[in-house]
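Here is a set of questions and answers on one structure. Look it over, then follow the reasoning turn by turn.

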2 protein chains.
Amino acid sequence: MSNPTAAILVIGNEILSGRTQDANVQFLAQRLGALGIAVREVRVIPDVAETIVGTVNELRARFDHLFTTGGIGPTHDDITSACVADAFGVPWEPHADSMQALARLFPDGQFNAARQRMATLPRGAIPIPNSVSVAPGFTIGNVHVMAGVPRIMRAMFDALEPELGRFEPVRMVAVHADRLGEGSLAAGLEAIQHAHPTLDLGSYPYERPDGRRGVALVAKGTDATALASAHDSIRTLIEDLGHVPVEGEPAP
Amino acid sequence: MSNPTAAILVIGNEILSGRTQDANVQFLAQRLGALGIAVREVRVIPDVAETIVGTVNELRARFDHLFTTGGIGPTHDDITSACVADAFGVPWEPHADSMQALARLFPDGQFNAARQRMATLPRGAIPIPNSVSVAPGFTIGNVHVMAGVPRIMRAMFDALEPELGRFEPVRMVAVHADRLGEGSLAAGLEAIQHAHPTLDLGSYPYERPDGRRGVALVAKGTDATALASAHDSIRTLIEDLGHVPVEGEPAP
């Protein structure tokens with residue numbers, strides 16, 4: 001059985017304008033990879049209802065899981081939850097338990113209409129607990145709707161993780177070819193790729209803060225035996241070019 | 001006339017696996033915004049030919065510009081350039097000037113087949129100079145193909161920028177409502193949005209490293225008069241709630 005696939009949908013004008021650097025994709029990609037769920041696509045889209053509805057429907061059909069971040073707060077531009085209800089063709093309605101939990105946070109009269117929107121969910125949605133600020137995310141079908149604020153998103157993912165299952169993790173080895181260029185490594189690397197068709201081999205040039213350059217050679221896959229063999233071959237490739245292979249950071 | 005639109009397409013397994021944090025989207029979004037070109041979508045996709053060809057064709061049809069990063073090096077997983085040729089239905093062939101420029105970099109016999117791929121471009125492509133490592137990016141139609149290594153991508157964008165034109169820049173004001181929550185601001189912010197329909201108003205909760213929380217209220221648009229009016233209204237909203245508005249970082 002092949003591993004489940006996932007897409008990440010980042011909803012928010014602030015990433016598209018460059019005002020904010022996304023801080024959620026890498027976290028989710030690493031955590032999902034460790035569960036054996038492979039992220040196959042990321043999209044960033046604006047807070048535009050038609051775009052959100054269309055993109056949610058496209059991605060939930062194409063991947064086993066869709067994780068969204070952003071747009072579930074109390075303000076007028078927080079339209080993700082209502083759009084996901086539209087995408088599933090279900091009403092967007094007060095969720096009794098979430099409404100009670102949120103109401104308890106605020107003094108009389110301050111649990112206003114804006115705040116009540118955060119406890120309004122698509123019918124049939126299962127809340128994802130939020131240990132930071134109570135207002136929940138939710139799962140409906142294969143779509144997991146989470147906050148955009150990184151600390152809250154992470155708390156939601158921690159709560160959601162046990163529901164996602166565990167599969168053969170995607171393992172990774174990275175070997176750094178310091179002071180070598182991709183052009184010297186390309187033919188050898190391609191031969192290693194051909195010898196290990198179940199793996200994905202990639203090469204990523206880097207430049208250290210001190211100006212030192214090199215290439216990270218990365219092999220990824222679920223087959224530990226093939227991975228060990230590719231690892232050896234990559235080390236030999238670098239040694240044969242007269243350089244010393246440097247083991248990369250541990251796989252996420 | 002409305003401003004041109006753009007999409008950014010990040011091509012690379014290393015972002016999807018979480019091994020690498022993207023460092024190009026924010027740079028491009030800010031620089032394009034300053035030219036008056038609005039980024040409307042970002043996608044991250046793997047090094048899979050069918051996916052690259054299909055996505056390039058979809059996005060170049062939907063937006064005025066498409067900027068791609070990644071996958072133009074010399075190794076077997078660098079397939080962006082050949083895929084863009086496929087997407088345009090043109091041959092992928094040696095580009096004489098680029099071939100000569102690259103050949104000069106290498107000693108006899110070291111300008112190998114892998115390195116020659118970096119001077120192989122879609123027919124009709126116009127090279128984008130690379131002041132860092134010579135191997136060019138290129139423009140074909142409304143598609144601008146750039147390196148994934150941030151320093152090289154930035155050098156390519158510097159070279160490309162004068163070709164993109166200048167439009168009414170998207171201006172932005174940001175005011176921080178320190179120690180206020182979105183739920184207290186939502187109704188007032190929505191009223192300001194309704195009073196300024198040509199602007200986009202957004203609210204973004206933040207948490208400082210010292211634990212202090214608040215909300216950044218952001219207004220964006222090309223109409224300087226409307227922007228100044230919304231700016232005043234946002235300050236008044238915060239003051240009416242008994243807090244002191246704090247001007248945000250200068251707009252990118």
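Q: In what order do the strands of the open sheet of 12 strands run?
A: In this predicted model, the sheet has mixed pairing. The twist averages 20° from one strand to the next. The order is β6(A)-β7(A)-β8(A)-β3(A)-β1(A)-β2(A)-β2(B)-β1(B)-β3(B)-β8(B)-β7(B)-β6(B).

Q: Which are the edge strands of that sheet?
A: An edge strand here pairs on one side only. In the strand order, β6(A) and β6(B) stand at the ends. The edge strands are therefore β6 (126-128) of chain A and β6 (126-128) of chain B.

Q: Is the pairing of β1 and β3 of chain B parallel or antiparallel?
A: Strand β1(B) covers residues 5-11, and β3(B) covers residues 65-69. Five bridges link the two. Within this pair, L9(B) stands opposite T68(B). The sense is parallel.

Q: At about what angle does helix α7 of chain B run to β8(B)?
A: Helix α7(B) spans residues 150-160. It lies across β3, β6, β7 (137-140) and β8 (143-146) of chain B. Its angle to β8(B) is about 145°.

Q: Why does α2(A) count as roughly parallel to α7(A)?
A: Helix α2(A) (residues 25-35) and helix α7(A) (residues 150-160) have axes 11 Å apart. Their packing angle is about 15°. Angles under 35 degrees count as roughly parallel. So α2(A) and α7(A) are roughly parallel.

Q: How many nonpolar residues are in the contact of α2(A) with α7(A)?
A: From α2(A) come F27(A), L28(A), R31(A), L32(A) and L35(A). They meet M153(A), R154(A), F157(A) and D158(A) in α7(A). Three of the contact residues are charged and no polar ones take part. The nonpolar count is six.

Q: Is H65(A) buried or exposed?
A: H65(A) sits in strand β3 (residues 65-69) of chain A. Leaving out residues up to four places away in sequence, H65(A) touches P4(A), T5(A), A6(A), A7(A), I37(A), N142(A), H144(A) and L164(A). Its relative accessible area is 14%, and the cut-off for buried is under 20%. So H65(A) is buried.

Q: Why is strand β11 of chain B largely enclosed by the rest of the structure?
A: Strand β11(B) runs over residues 213-221. Eight antiparallel bridges join it to β9(B) (residues 171-178), with A174(B) as the bridge partner of V218(B).

Q: Which residue takes a positive phi in the hairpin of β10(B) and β11(B)?
A: Five residues lie between the two strands of this hairpin. The phi is near 95°. The residue is G211(B).

Q: How far apart in space are R208(B) and D178(B), C-alpha to C-alpha?
A: R208(B) belongs to the loop between β10 and β11 of chain B. At 28% relative accessibility it counts as partly exposed. The two residues are 30 apart in sequence. In space the distance is 10.0 Å.

Q: Which residue of chain B does D78(A) touch?
A: D78(A) is in the loop between β3 and α4 (80-88) of chain A. At 10% relative accessibility it counts as buried. Beyond residues up to four places away in sequence, its contacts include G71(A), I72(A), G73(A) and R117(A). The contact from chain B is E182(B).

Q: What are the edge strands of the four-stranded open sheet in chain A?
A: The order is β10-β11-β9-β12, with antiparallel pairing. Eight bridges join β9(A) to β11(A), and M172(A) stands opposite K220(A) there. The edge strands are β10 (200-207) and β12 (246-247).

Q: At about what angle does helix α8 of chain A run to β10(A)?
A: Helix α8(A) covers residues 182-195. It lies across β9, β10 and β11 of chain A. Its angle to β10(A) is about 165°.

Q: What share of the residues in chain A is buried?
A: Chain A has nine helices and 12 strands. Its C-alpha trace spans about 75 × 45 × 30 Å along the principal axes. Of its 252 residues, the buried share is 54%.

Terms used:
Residues are numbered from 1 along each chain as its sequence is written. Chains are lettered from A and ligands numbered from 1 in the order in which they are written. This is a predicted model: local features need pLDDT of at least 70, side-chain atom pairs count only at pLDDT 80 or more; totals for chains, interfaces and linings use all residues. Side-chain values use heavy atoms; hydrogens and water are left out. Axes are lines fitted to C-alpha atoms, for helices over the stretch in contact, and angles run from 0 to 180 degrees between N-to-C directions. Contact means heavy atoms within 4.5 Å. Angles under 35 degrees count as roughly parallel, over 145 as roughly antiparallel, 65 to 115 as roughly perpendicular and the rest as oblique. Ala, Val, Leu, Ile, Met, Phe, Trp, Tyr, Cys and Pro count as nonpolar, Asp, Glu, Lys and Arg as charged, and the others, Gly among them, as polar. Buried means under 20% relative accessible area, exposed over 50%, partly exposed in between (1.4 Å probe, protein chains only).
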